[in-house]
Amino acid sequence: MIDIFLNFRVNLLFNSVNVIPDTPTIAKVLELFKDEEFIPSTIYEIGPEGQKPRVRMSSTDNKWNIVFLQRNVTIEYVCGPADSRIGVIDDFLTKAEKIAEKIFRYLGQKSNRLALIVHALSKEM
């Protein structure tokens, strides 16, 4: 039995190399996620070409994060103590699906693969 959910993550695997942190891209992504009130920022992705800045969108409380990496987009929800109830993963998947639909429309492509990752703690048996 799961006692505490730490985070949920959906990885949408496709080419998002063109989502770079420049003014036109940030403006489009801000408009795309205006209902969720995400704030833009950047992270650095380390690859064969060295460090490259990438777009990251976060909720004001940092519980929701969207990271546009070169080969995938990660949608993450960081859980808290109140998120250990039954059904919290269903709530996450519902919102992640809406976010993914917006991303697919924005990029004009579909994912060829996706992954759901759940980090949780459970009592020692």
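Why does Glu-76 count as buried? Its relative accessibility is 16%, and buried means under 20% relative accessible area, exposed over 50%, and partly exposed in between, with a 1.4 Å probe and protein chains only. The model is predicted, so local features need pLDDT of at least 70 and side-chain atom pairs count only at pLDDT 80 or more, while totals for chains, interfaces and linings use all residues. Residues are numbered from 1 along each chain as its sequence is written, and side-chain values use heavy atoms, with hydrogens and water left out.

Glu-76 sits in strand β5, residues 72–78. Helices (H or I, at least four residues) and strands (E, at least two) are DSSP runs, numbered from the N terminus. With neighbours within four places in sequence set aside, the residues in contact with Glu-76 are Asn-7, Phe-8, Arg-9, Lys-63, Trp-64, Asn-65 and Phe-92; contact means heavy atoms within 4.5 Å. The side chains of Glu-76 and Arg-9 are joined by a polar contact of 3.3 Å. A polar contact is a pair of N or O atoms within 3.5 Å; within protein, one must be able to donate a hydrogen and the other to accept it, and residues adjacent in sequence count only if both atoms are side-chain atoms.

Asn-7, in strand β1, also makes a side-chain polar contact with the side chain of Glu-76, at 3.2 Å. Another polar contact, of 2.7 Å, joins the side chains of Asn-7 and His-119. Asn-7 counts as buried because its relative accessibility is 11%. Beyond four places in sequence, the contacts of Asn-7 include Tyr-77, Val-78, Ile-117 and Val-118.

The next topic is charged pairs. A salt bridge is a side-chain nitrogen of Lys or Arg within 4 Å of a carboxyl oxygen of Asp or Glu, and by this rule the model has four salt bridges. One of them joins Lys-102 and Glu-36, whose closest N and O atoms are 3.1 Å apart. This pair links distant parts of the chain, 66 residues apart: Lys-102 is in helix α2 (residues 88–107), and Glu-36 is in the loop between α1 (23–32) and β2 (39–47). Lys-102 and Glu-36 are both buried. Lys-34 forms a salt bridge with Glu-31, with 2.9 Å between the closest N and O atoms. Glu-31 counts as partly exposed because its relative accessibility is 47%.

In the salt bridge between Arg-54 and Glu-45, the closest N and O atoms are 3.7 Å apart. Arg-54 is buried at 2% relative accessibility, and Glu-45 is buried at 18%. In β3, Arg-54 is the bridge partner of Ile-43. Strand β3 (residues 50–58) pairs with β2 in the antiparallel sense over nine bridges; two strands pair if DSSP finds at least two bridges between them. β2 and β3 form a hairpin, with two residues between them.

Helix α2 also contributes to the largest pocket, giving five residues, the largest share of its lining. Elements giving two or more residues to that lining are β1 (2–13), α2 and β6 (113–122). Among the lining residues are Val-10, Leu-93, Phe-104 and Leu-114. Thr-94 is placed in helix α2 as well, and is partly exposed, with a relative accessible area of 41%. The C-alpha atoms of Thr-94 and Leu-32 are separated by 17 Å, with the two residues 62 apart along the chain.

Technical notes. 1 Å grid on protein atoms, 1.4 Å probe; cavity = no way out; pocket = protein on both sides within 12 Å on 5 of 7 lines; lining within 4 Å.
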